Amino acid sequence: MFELTKRLMAIPSVSGSEGEVGRVIGDELAARGYRVERQQVETERFNLIARNPGAPSTVVFCTHIDTVPPALPVSEDETFLYGRGACDTKGILATMLEAGDRLRQSGVSSFGYLFVVGEETDGAGARAANTLPWDSRYVIVGEPTENKLARAQKGTFVANLAVKGRAAHSGYPEYGVSAILGLWEVLSDCLKTDWGADPVLGPASFNVGVFQGGERANIVPGRASASVMIRTVESPAQTRDRIERIVAGRASLEVVAGADPQFLHVVEGFETTVVSFGSDAPYLGNLGKPLMLGPGSILDAHTASEKIRKDDMIEGAALYERLTKTLLA
């Protein structure tokens with residue numbers, strides 16, 4: 001499990017360039033005796049579907065094979081594995097395969113795997129997989145939940161804002177209109193807004209992820225743009241209504257993506273949590289009831305020191321095994 005994680009982390013697979021790691025994972029699945037299929041998503045980008053020959057895939061383990069940039073050095077010590085994808089989610093993928101080995105050793109074969117591309121950007125892999133015919137009843141989405149079953153996940157709303165001003169010499173600012181200041185006012189109003197709250201999900205949050213504008217310090221900026229993400233507790237349509245009222249024509253608004261909050265399936269006897277991050281769970285409805293579980297902490301994901309605790313992977317494999325047997329029973 002640990003060696004496979006290190007091998008996968010050593011292969012860069014930023015969203016859009018998952019081909020090489022997909023081929024390695026496919027070979028690994030075939031070597032373990034699974035019947036492996038590829039679902040082409042784009043050129044050199046494909047999902048992997050693996051089944052036990054002659055058995056239904058009542059439970060599907062699903063996680064993603066892409067990562068955020070940049071690639072990181074791979075290393076380990078007695079406690080942790082370090083590298084890009086350690087907890088998000090190459091370590092989780094290896095943990096799922098370990099659980100599968102244990103299930104088959106105990107005579108359980110009614111499960112399969114779905115490993116998808118593009119989760120970190122647009123969910124293209126999961127959306128494509130959802131169009132296929134499935135005989136599954138449950139899909140276990142692997143994300144770093146600290147080995148707790150997530151009972152709910154906040155929604156997402158991504159948008160681009162842009163303001164056009166009028167460039168001028170900075171010595172004579174009265175002849176120009178600062179696009180940066182105009183966009184700054186809009187974003188300040190957004191940051192002060194109450195985006196709603198839910199008794200289970202908690203409060204929504206607003207983040208300015210990218211801000212760009214201007215040319216040089218001696219020019220009144222004629223353009224400015226920003227990309228924002230809201231972790232929502234309401235529908236994308238309701239969030240759009242809110243942000244349109246706030247913007248009130250002061251900036252252009254381009255909605256990039258949106259997903260509803262998710263209330264996930266939970267099983268008695270497992271510790272639960274609520275997560276604020278997004279996942280492919282909203283796009284996998286045709287695979288059955290969604291669950292979410294995995295080793296690792298989301299606070300380590302996307303960081304320059306991404307890591308996963310080895311003991312958590314061992315515990316995670318046991319939890320995946322027990323959860324699958326519980327669902328099948």
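This is a predicted model: local features need pLDDT of at least 70, side-chain atom pairs count only at pLDDT 80 or more; totals for chains, interfaces and linings use all residues.
Is Ile49 buried or exposed? Its relative accessible area is 4%, and because buried means under 20%, Ile49 counts as buried. Leaving out residues up to four places away in sequence, Ile49 touches Arg35, Val36, Glu37, Gln39, Tyr113, Leu114, Leu132 and Trp134. Cys190, by contrast, lies 141 residues from Ile49 in sequence, and the C-alpha atoms of the two are 42 Å apart in space.

When neighbours within four places in sequence are set aside, Tyr113 is in contact with Leu29, Tyr34, Leu48, Ile49, Ala50, Val60, Phe61, Met96, Leu97 and Gly100. Tyr113 is also, together with Ile25, Phe115 and Leu323, among the residues with the most contacts inside the largest nonpolar core, which has 36 residues. Two or more residues of this core are given by each of the helices α1 (2–9), α2 (19–31), α3 (86–105) and α7 (310–328), and likewise by each of the strands β2 (45–51), β3 (59–64), β6 (111–116) and β7 (138–141). Which element gives the largest share of this core? That element is α3, from which seven residues come. There is also a second, separate core of 23 residues, which includes Ala159, Leu201, Ile230 and Val247.

The packing of the helices can now be followed from α1. Two packed helices are described by the angle between their axes and by the distance between those axes. For α1 and α3 the angle is about 140 degrees and the axes are 9 Å apart, so the two helices are oblique to each other, and α1 passes α3 in a right-handed crossing. On the α1 side of this contact are Leu4, Thr5, Leu8 and Met9, which meet Ala86, Lys90, Gly91, Leu93, Ala94 and Leu97 in α3. Sorted by class, the residues of this contact are seven nonpolar, two polar and one charged.

The helix α1 also packs with α2, at an angle of about 155 degrees and with the axes 10 Å apart. An angle over 145 degrees counts as roughly antiparallel, and α1 and α2 are therefore roughly antiparallel to each other. Here Leu4, Arg7 and Leu8 in α1 meet Val21, Val24, Ile25 and Glu28 in α2, and by class this contact has five nonpolar, no polar and two charged residues.

Notes. Residues are numbered from 1 along each chain as its sequence is written. Side-chain values use heavy atoms; hydrogens and water are left out. A nonpolar core is a set of buried Ala, Val, Leu, Ile, Met, Phe, Trp, Tyr and Cys residues joined through side-chain atoms within 4.5 Å. Buried means under 20% relative accessible area, exposed over 50%, partly exposed in between (1.4 Å probe, protein chains only). Helices (H or I, at least four residues) and strands (E, at least two) are DSSP runs, numbered from the N terminus. Contact means heavy atoms within 4.5 Å. Axes are lines fitted to C-alpha atoms, for helices over the stretch in contact, and angles run from 0 to 180 degrees between N-to-C directions. Angles under 35 degrees count as roughly parallel, over 145 as roughly antiparallel, 65 to 115 as roughly perpendicular and the rest as oblique. A crossing is left-handed if the near helix is turned anticlockwise from the far one by less than a right angle, and right-handed if clockwise. Ala, Val, Leu, Ile, Met, Phe, Trp, Tyr, Cys and Pro count as nonpolar, Asp, Glu, Lys and Arg as charged, and the others, Gly among them, as polar.
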